[in-house]
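Q: I'd like to go through the terms used for this model and check each label against its cut-offs. Shall we start with the pockets?

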Amino acid sequence: MNQNKSEFIYQNGSVRKTKFKENIHIFRCPICTAGMGIYDFKDILCEKGHSFNIAKKGYVNFLLKPVKTEYDKEMFYSRNKIITKGFFDPILEYISDWIAGKSDRAHPKTMNIFDAGCGEGSHLGQIIHRLRSKGVSDLQGVGIDISKEGIWIASKDYFDIIWCVADLANIPFRSKQFDIILNILSPANYREFARTLKDDGFLVKVIPGSNYLKELREVFYDGMDKQTYSNDKVIELYRKNFKILDLQEIQYRRMIDKENIMHLIKMTPLSWAATADRMKQVFDMGIDQITVDLSVIVGQKNK
Ligand SMILES: C[S@@+](CC[C@H](N)C(=O)[O-])C[C@H]1O[C@@H](n2cnc3c(N)ncnc32)[C@H](O)[C@@H]1O
């Protein structure tokens, strides 16, 4: 974050909305695809009159109808706890180094970084923070997620990032706007990614490897074929759509205490189908180390 909280509190609500005005050129109407303007710091609207309110919290909801999702407030709260405890730090550091290596410090220009399926926003917030501490300062972060609960937490914590509730299948931004698209542990829409990424931009996708959270997987999927997992098909699909420049497997173990094991269980879809008994069983097992096994794929559009 480049803005301190107390400084923000002294300013009026429109400050939170200024980032929309400054970046209004990147938006496109999700209904008719026309360009958008901003009215009185309150609404983003297109020339045909389709209008989307900027919430007090500083995000815009671009969904055309409400969407039911299994990602609820509790899950994002737990993801937030785990991410901000540093659970994903080696991954975020790898991505930040990669992006910093691509920034042209001799000819600085604003780098637009878009997190597609950003959840509660901490990955994007931390990557931007890390980039700034590496001397890459001219950045604009943009995050979308289909879950209002996720975006609500994100907009509370990171003021200078543009947050929107929106569907990956209908991204409310004009074509060729982004230098980097991040897609971390979330579904992909390669058609929309190819449309919104600049021709020389990079798509950074993070996917689980076969040992990701294996200590939990072994208990939750005991006796089922889901106990083992391969990401081959996901990589194949990426390769069909984008040219892979770099594929890095990152594996490490993290100590975990009792409080955080519960957050870890709640943050993952692994627990969605689990009974209360199975959840308690995992909690009582006294797991104190967890394996993180993720692959970071970086690619560019096929020319
Ligand atoms: C496992 S979570 C990962 C969230 C975040 N990237 C993280 O690593 O904490 C998957 C996310 O994808 C989002 N998602 C699923 N389908 C989506 C869609 N069609 N459009 C936008 N977001 C979507 C969910 O709401 C959820 O936040």
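Predicted model: local features only at pLDDT ≥ 70, side-chain atom pairs only at ≥ 80, totals over all residues.

**Labels and their cut-offs**

Q: How many nonpolar, polar and charged residues does the lining of the second largest pocket have, and what makes a residue count as one or another?
A: The lining of the second largest pocket has five nonpolar, six polar and seven charged residues. Ala, Val, Leu, Ile, Met, Phe, Trp, Tyr, Cys and Pro count as nonpolar, Asp, Glu, Lys and Arg as charged, and the others, Gly among them, as polar. Numbering starts from 1 along each chain as its sequence is written, and side-chain values use heavy atoms, with hydrogens and water left out.

Q: What makes a space a pocket and not a cavity, and what is the volume of the second largest pocket?
A: On a 1 Å grid over the protein atoms alone, a cavity holds points where a 1.4 Å probe fits but cannot get out; a pocket is an open set with protein on both sides within 12 Å along at least five of seven lines, and lining residues have an atom within 4 Å of a point. Grid points are joined across faces, edges and corners, and the volume is the space filled by probe spheres set on them. For the second largest pocket that gives about 360 Å³. Of its 18 lining residues, Lys 102, Ser 103, Asp 104, Lys 109 and Met 111 are the closest to its centre.

Q: Which strand gives the most to the lining of the second largest pocket?
A: Strand E9 does, with three residues. Helices (H or I, at least four residues) and strands (E, at least two) are DSSP runs, numbered from the N terminus.

Q: What is the volume of the largest pocket, and which element gives the most to its lining?
A: The volume is about 940 Å³. Among its 36 lining residues, Tyr 71, Leu 185, Ser 186, Pro 187 and Pro 269 are the closest to the centre. E9 (197-208) again leads, with four residues. By class, the lining divides into 21 nonpolar, seven polar and eight charged.

Q: Why is Lys 176 called partly exposed, and Leu 213 buried?
A: Buried means under 20% relative accessible area, exposed over 50%, partly exposed in between (1.4 Å probe, protein chains only). Lys 176, at 45%, therefore counts as partly exposed, while Leu 213, at 1%, is buried.

Q: What makes phi of these two residues worth a look?
A: Most residues other than glycine have a negative phi. Phi is near 55° for Lys 176 and near 50° for Leu 213, both positive. Lys 176 sits in the loop between E7 and E8, and Leu 213 in the loop between E9 and H8.
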